[in-house]
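Hi everyone, thanks for coming along. Please have the sequence and the structure up on your screens, and we'll walk through a few parts of it together.

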Amino acid sequence: MPLITLERVTKIYPPYFRALNNISLSIEPGEFVLLTGPTGAGKTTLLKLIYREEEPTDGEIFWEGLPYSSLSYNDFLKIRRKMGIIFQDLKLFEDLSVYENIKLSLDLAEISLPKKRAEVIIYDYLERFDLSLKANKKVKFLSGGEKQKVGFIRAIIRDPDYIIADEPTGNIDPLSIKEILSILKELNQKGKTVLLATHDPIIIQQVEAKEIYLHKGELIPKC
């Protein structure tokens with residue numbers, strides 16, 4: 001059974017902008033999926049529908065065969081806690097430190113770890129992205145690329161079953177991009193489902209994955 005299924009999904013923003021038009025697709029458990037297409041193609045809208053920040057105007061989305069429309073807020077919250085989401089707009093808490101932003105992800109997922117163990121895990125990721133010396137710095141004082149790294153770490157720190165990444169490498173240096181892709185591949189090899197939205201041709205070339213291509217809100221078959 002597919003993990004996620006979209007059946008004839010359309011999203012229209014008032015007054016009449018059609019961001020997605022009649023999209024049907026499925027994502028299997030454990031797949032690595034690249035959601036590609038130019039800026040404005042509808043990639044972010046599609047991801048928002050999948051993690052249910054927004055609702056479709058028409059059509060239905062299913063999670064393991066269950067329609068979203070039948071899932072209560074609390075039902076979907078249980079699913080959401082298993083997701084690691086790298087938002088395009090990051091959604092970091094600017095007045096909290098780097099460490100606090102990442103630790104909060106563990107707390108909100110109700111993952112209870114001894115303080116020392118949590119510190120080891122967090123600092124291990126910070127060192128991988130050359131951020132360990134900025135652990136106690138408020139996020140608002142970081143560069144755009146550094147914020148993206150924090151957003152990525154926050155999403156994957158709790159070892160989620162499903163990773164949804166919306167353009168996670170836009171302002172990041174090449175070495176960190178390589179590290180992000182390496183981590184996503186590692187997680188996928190462990191059976192995690194990865195859905196990565198990107199328009200970067202370098203990333204598309206470096207990742208062996210199922211590709212879903214969008215253009216102007218339409219699903220375009222890849223030749």
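Let's begin with helix 3. In helix 3, which spans residues 98-108, the buried residues are Val-98, Tyr-99, Asn-101, Ile-102, Ser-105 and Leu-106. Here, buried means under 20% relative accessible area, exposed means over 50%, and partly exposed is in between, with a 1.4 Å probe and protein chains only. Helices (H or I, at least four residues) and strands (E, at least two) are DSSP runs, numbered from the N terminus.

Before we go on, a word on where this comes from. This is a predicted model, in which local features need pLDDT of at least 70 and side-chain atom pairs count only at pLDDT 80 or more, while totals for chains, interfaces and linings use all residues. Residues are numbered from 1 along each chain as its sequence is written, and side-chain values use heavy atoms, leaving out hydrogens and water.

Back to helix 3, then. What covers its buried residues? The cover includes helix 4 (115-128) and helix 5 (144-156).

Let's take helix 5 as our next stop. Two packed helices are described by the angle between their axes and the distance between the axes. For helix 3 and helix 5, the axes come within 8 Å and cross at roughly 25°. Axes are lines fitted to C-alpha atoms, for helices over the stretch in contact, and angles run from 0 to 180 degrees between N-to-C directions. Helix 3 and helix 5 are therefore roughly parallel to each other. On the naming, angles under 35 degrees count as roughly parallel, over 145 as roughly antiparallel, 65 to 115 as roughly perpendicular, and the rest as oblique. On the helix 3 side, Val-98, Asn-101, Ile-102 and Ser-105 make the contact, and on the helix 5 side Val-150, Ile-153 and Arg-154 do. Contact means heavy atoms within 4.5 Å. Sorted by class, this contact of helix 3 with helix 5 has 4 nonpolar, 2 polar and 1 charged residues. Ala, Val, Leu, Ile, Met, Phe, Trp, Tyr, Cys and Pro count as nonpolar, Asp, Glu, Lys and Arg as charged, and the others, Gly among them, as polar.

Now turn to helix 4. The axes of helix 3 and helix 4 come within 11 Å and cross at roughly 125°. That makes helix 3 oblique to helix 4. Helix 3 brings Val-98, Tyr-99, Ile-102, Lys-103 and Leu-106 to the contact, and helix 4 brings Ala-118, Glu-119, Ile-122, Tyr-123 and Leu-126. The residues of this contact of helix 3 with helix 4 divide into 8 nonpolar, no polar and 2 charged.

There is a neighbour to point out here. Ala-135 sits in the loop between helix 4 and helix 5. Is Ala-135 buried or exposed? At 1% relative accessibility, Ala-135 counts as buried. Leaving aside residues up to four places away in sequence, Ala-135 touches Ser-97, Val-98, Tyr-99, Tyr-123 and Leu-126. Ala-135 and Thr-198 are 63 residues apart in sequence and 28 Å apart in space, C-alpha to C-alpha.

Thr-198 takes us to strand 8. Strand 8 (residues 193-198) is mostly covered, with 6 of its 6 residues buried. Thr-193, Leu-195 and Ala-197 point one way from strand 8, while Val-194, Leu-196 and Thr-198 point the other way. Strand 3 (residues 32-36) pairs with strand 8 in the parallel sense over 5 bridges, and Val-33 has Leu-195 as its bridge partner in strand 8. Two strands pair if DSSP finds at least two bridges between them. Strand 7 and strand 8 also pair in the parallel sense over 5 bridges, and here the bridge partner of Asp-166 is Ala-197.

An open sheet of 4 strands has the order 2-1-4-5, with antiparallel pairing. Strand 2 (17-27) and strand 5 (66-67) stand at the edges with a single partner strand each, so one side of each is left without a neighbour in the sheet. Strand 4 (residues 58-63) is joined to strand 5 by 2 bridges, and Phe-62 stands opposite Pro-67 in strand 5.

Last, some backbone details. Arg-8, found in strand 1, has a positive phi of about 50° although it is not a glycine. The peptide bond from Pro-14 to Pro-15 is cis, with omega near 0°, and Pro-15 lies in the loop between strand 1 and strand 2.
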